[in-house]
Amino acid sequence: MKVSMKKIVRAMSIIMVVIVYITTIILSSSVIDTDNIFSKNNIIILVVLILISYIVSVIISNKFTAPLKRIEKGMKLVSEGKLPDITRMKEHEDFEEYHELIEAYASMLKVVKKNTFDLNSQQSKTEIILEHMADGMIAFSTSKQVVHMNKAAMRMLNLTESEDTYDKICEKLNLNVAFDKVMYLPNYQSIEIKAEMGEIALSIVFAPFFSDELNPMGIIMIVRNITDSVKTDNVRKEFIANVSHELKTPLTSIRGYSETIMNGDLTYQEIMRFSKVINQEANRMSKLVSDLLQISRMDYNKQVWNKATLNTVDVINKVCEKVKYEAEQKSHKIEVIAAGKVPSIYVDKSSIEQILINILTNSIKYTPDGGLIRIYAGPVENRVYIKVIDNGIGIPQKDLERIFERFYRVDKARSRKMGGTGLGLSIVKEMVDGNNGTINIESKLNEGTEVTMTFPTTKE
Ligand SMILES: Nc1ncnc2c1ncn2[C@@H]1O[C@H](COP(=O)(O)OP(=O)(O)O)[C@@H](O)[C@H]1O
Ligand SMILES: [Mg+2]
């Protein structure tokens, strides 16, 4: 049952008046000294009465103010970021006046609790995102102190906890970006600079961040590892430089020789000799252009692989037939050695031919006249291996790992003289991959080279 404090106070005051009245009547005749108001007796009675009323008022006022005290304590806890225990408030609910206040207080605490939870989970979500993002992030306060730095930033920039100010970090990274300049950048603008940390290329973006009232609160630094894109960019630039160079060389000699012929005064033999050079250079250019087209087709995934089951030995023999003339020009002997019954291979016909032609023409080109080129074929672990072994000039160990790179040649001048473009093996590698094959080259300088490939026998 609810009791009203207002009613209790009114009842109490009436009761007090009645008590005082009754005590006065009872005591007046016998105890109270009417002649001398300030007599010792009177004062003792007064003190006793005051004491009783004091104790009663303390008990009542405590009962009345206890919930207020509890709410006050609770609010203090909330302001310290803690949540008070609401259950003990129930003890005070029997006062009508407090009932609503306690309910309001309880529902306010519920809202605070929910908001705190939301805020905490939002915060931890943000923290998880920051910690797990690949980019580095450092936030600085207006006083240039680090207020947040994620793991990626520490790792990428090789920073420790002691590097905790903007100036220290900029000094370590050798960056020269004025803090104030970033801080007062117009809205949504940033400064991006490129930097290097050893082998790693970095893009660093500086931007200010603002409060809800749009006051600048500090700046953030976003660090991104751009090594891969820088590398790709360099490869592209190098490729264009190589292509231009490779085209310029034959063009220069074609122009030179044709001008000489046009100037006249040449014997028939000389004209024939120069025309032959022009023809050779034109052929080289045409080979280069067709290699480039092949590469571009593969780069743009336009290469169509028409895979089918092919007789391995037939394919090898057909290619041998195609390079026979070139081999005879250098008096090479080509042998095909099949290990028992060779299973068929499941590959694209024109690319397997191109692969073998490129490998065989290399052996023909880079083997001194009268060499021996052997082609082995046989089964290996559900696949078919094809091995081309020559006894030519070989490839130095240090060049072996780069041999599949575009335009990579051990000896540029020699390769060019042989009509090479430096693209042959890079095309081979991509074609082998496209046919689910593997390739490995082993070589000994001045002894010979061994190219081992494997191909699938069925659709994998
Ligand atoms: N069988 C081989 N013997 C010796 N060197 C080889 C052989 N095959 C390839 N090379 C070396 O590898 C380089 C790259 O080969 P490739 O990509 O076919 O280019 P290219 O034949 O046009 O020069 C060649 O320039 C040559 O130096
Ligand atoms: Mg070649």
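This is a predicted model: local features need pLDDT of at least 70, side-chain atom pairs count only at pLDDT 80 or more; totals for chains, interfaces and linings use all residues.
I began with H10 and H13, whose axes come within 9 Å and cross at roughly 145 degrees. An axis here is a line fitted to C-alpha atoms, for helices over the stretch in contact, and angles run from 0 to 180 degrees between N-to-C directions. The helices (H or I, at least four residues) and the strands (E, at least two) are DSSP runs, numbered from the N terminus.

Residues are numbered from 1 along each chain as its sequence is written, and chains are lettered from A and ligands numbered from 1 in the order in which they are written.

**Entry: H10 with H13**

The crossing of H10 and H13 is left-handed, a word used if the near helix is turned anticlockwise from the far one by less than a right angle, with right-handed for clockwise. I then listed the residues in contact (heavy atoms within 4.5 Å): H10 brings Ser351, Gln354, Ile355, Asn358, Ile359 and Asn362, and H13 brings Gly424, Leu425, Ile427, Val428, Met431 and Val432. Sorted by class, this contact of H10 with H13 has 7 nonpolar, 5 polar and no charged residues. For the classes, Ala, Val, Leu, Ile, Met, Phe, Trp, Tyr, Cys and Pro count as nonpolar, Asp, Glu, Lys and Arg as charged, and the others, Gly among them, as polar.

**Entry: H9 with H10**

I next looked up helix H9 (residues 312-329) and helix H10 (residues 349-365), whose axes come within 9 Å and cross at roughly 40 degrees. H9 and H10 are therefore oblique to each other, since angles under 35 degrees count as roughly parallel, over 145 as roughly antiparallel, 65 to 115 as roughly perpendicular and the rest as oblique. The crossing of H9 and H10 is right-handed. Among the residues that meet, I found Val315, Ile316, Val319 and Val323 in H9, and Ile352, Leu356, Ile357 and Leu360 in H10. By class, the contact of H9 with H10 has 10 nonpolar, 1 polar and 5 charged residues.

**Entry: H7 with H8**

I turned to helix H7 (residues 227-262) and helix H8 (residues 268-299), whose axes come within 9 Å and cross at roughly 160 degrees. That angle makes H7 roughly antiparallel to H8. The crossing of H7 and H8 is left-handed, and the residues of their contact divide into 17 nonpolar, 5 polar and 3 charged.

**Entry: the mixed sheet**

I followed an open sheet of 5 strands in the order E7-E9-E10-E12-E11, with mixed pairing; two strands pair if DSSP finds at least two bridges between them. Strands E7 (333-338) and E11 (438-444) stand at the edges, each with a single partner strand, so one side of each has no neighbour in the sheet. From one strand to the next, the twist averages 15 degrees. E7 pairs with strand E9 (residues 372-380) in the parallel sense over 6 bridges, and the bridge partner of lysine 333 in E9 is leucine 372. H10 lies across E9, E10, E11 and E12, running at about 170 degrees to E12, whereas H13 lies across E11 and E12, at about 145 degrees to E11.

**Entry: the antiparallel sheet**

I found another open sheet of 5 strands, in the order E2-E1-E5-E4-E3, with antiparallel pairing. Strand E2 (146-149) and E3 stand at its edges with a single partner strand each, so one side of each is left without a neighbour in the sheet. E3 (residues 191-197) and E4 (residues 200-210) pair in the antiparallel sense over 7 bridges. In their hairpin, which has 2 residues between the strands, glycine 198 takes a positive phi near 65 degrees. E4 is joined to strand E5 (residues 216-225) by 9 bridges, running antiparallel, and phenylalanine 206 has methionine 221 in E5 as its bridge partner. The hairpin of E4 and E5 has 5 residues between the strands, and leucine 214 in the turn has a positive phi of about 65 degrees.

Conventions:
Side-chain values use heavy atoms; hydrogens and water are left out.
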